[in-house]
Amino acid sequence: MWSNLPFDVLAKIFSFLSPDSLARARSTCRHWNSCVDTYPITTSFILLSLHHRAWFLALPTRNRGQHCYVYNPVIDNWHLLSLDFLPDPVRPVASIGALILVRPTNCTVLQLALCNPFTRQFRYLPMSNISRTNPAVGVVTLDSVQHGPNPNFRVYVAGGMSEAPRGGAMYELKLEMYDSTDDTWHVVGFVPTEFAVRLTVWTPNESVYSNGVLYWMTSARAYSVMGYEIDGHRWRGFGVPMADKLEFAALLCRNGGLTLVGGASEGEACIWELKEGDRWGLIEKVPMEMGRKLLGGKRSWGSIKCVGSEEAIYLYKELGSGMVVWREMEEKARWAWFWIEGCHSIGGNQVPNLPIKGVFLHPNLFPFTF
Amino acid sequence: MLLSKNSALESKDNEIFEVEESIAIQSELIKTMTTMVNSKAYVNERNQMVPEARCRKQANYHVEQNNKIVDEELSDWESKFFEVDMDDLHELFMAANYLEIESLLNGVTKRVGDFIKACKNVEVIRQTFGINNDFAAQQEEEIRKLNSWNHI
């Protein structure tokens, strides 16, 4: 009776389920399992339902490749997720719906791959036309989330060093773009030398896309931002508040706008939003007690990291240190602060207090077929 | 043409229901058939009287409620409406699917989803829905590995 409902109806039921409920449902019988594997579950409910908040994936920065830890914000629970399906240890670059764009760490030349830790799939992207080391990477998701868990996307690679014509290395000025719709790399523009140098020497991998512009921020003091306006092929740079006082700083996208989170030693951690004319407006401060709890007795914000999804901002340190979260409530337009306990044990087993890199994703059990 | 704007629907077990036309066309299937057959539609499926009456009641209610914004009343009524046992739920489900009544189908699928969510593990889901484990040993092992993160 229930075990042979038609796939389209079953998929509709499944679209209401959280990833953990779905994982249980698919394990009941072959028909329900096939449905998850073959019938795409439309995610039109995702943005509307609390049950589909993005999960926080914590990837250990040492001893990579064995496990990662994932926080489920709906039931306030941590899971241990095996990464033994990865052929090489990787570092996360960006999340794309249910997938994470990663780069293998054992390779000096840039190589990128996609992975879904819930379906245990891994796939290399083709190599870019120009071989380069240490470039900045930016990702733009093309379809809205409503189109499904694996939207089309573009990857932009700027800066880095490539082999010079007569030997030696030079800063690479060509801007390349990968388009998932045709699985190909294209040279789409140029990077002015000063930006190419900064993107190579001072930039972590993350970028933020907002309103047609890809932004990168330098990875250390004095912080500054670089922006590439994609349609107009224009580069620009601008500063951030307290640029030389901030001990940590992170760019993210909140409500579609460019947002900066940063902490300075004497004061609190603050959140700014980019306004007209590349000016920053202060919108929120991290509550003092929570900030202190996260710092755990230390005075410096230097070890703090930050990552954001459309509906939440997480400040974190190590796996066990707990997290300070600012997130959108069910009644929209209201954001509130929460403390989340760190991961100390899973299923009765103790978990080491590892340094981590966090990334958000919307878990999806439907296999991707790029 | 007709004296009233009512449609007469006949279910497979020969029960005839008179339903206001605006309600009858909540069902996409009936809507299509009435444009073909004018005022009578023949419901030709395993629809017993009970689901038919419920379908009609619910469609009726929705039309009335369109004028008022009484969300709480509606969701209260809805939760009572769907508080049926699994067999009845299945009948409602098949009826809503066959008659293509979107609002009813949404309500039922959500209710079924709630049932699944309430099940703490795979075995409970199987018992609740009367599902047999028909996996081969190797496939079961693959599934277990895929879900090893979900140990609760």
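Author: A residue is buried under 20% relative accessible area, exposed over 50% and partly exposed in between, with a 1.4 Å probe and protein chains only. This is a predicted model, in which local features need pLDDT of at least 70, side-chain atom pairs count only at pLDDT 80 or more, and totals for chains, interfaces and linings use all residues. Residues are numbered from 1 along each chain as its sequence is written, chains are lettered from A and ligands numbered from 1 in the order in which they are written, and side-chain values use heavy atoms, without hydrogens and water.

Reader: How many aromatic pairs are there over all chains?

Author: Rings of Phe, Tyr and Trp (its six-membered ring) pair if their centres lie within 6.5 Å; planes under 30 degrees apart are stacked, over 60 edge-to-face, and the rest tilted. The count over all chains is 23. One of them, Phe153(A) with Tyr178(A), is tilted, at 5.9 Å centre to centre and 40 degrees between the planes. Because Phe153(A) lies in strand S9 and Tyr178(A) in strand S12, this pair ties together parts 25 residues apart in sequence; strands are DSSP runs of E, at least two residues, numbered from the N terminus. Phe153(A) is buried at 0% relative accessibility, as is Tyr178(A) at 1%.

Reader: Why is the pair of Trp326(A) and Trp337(A) stacked?

Author: Their ring centres are 5.5 Å apart and their planes at 20 degrees, so the pair counts as stacked. Trp326(A) belongs to strand S24 and Trp337(A) to strand S25, 11 residues apart. Both Trp326(A) and Trp337(A) are buried.

How values were computed: Helices (H or I, at least four residues) and strands (E, at least two) are DSSP runs, numbered from the N terminus.
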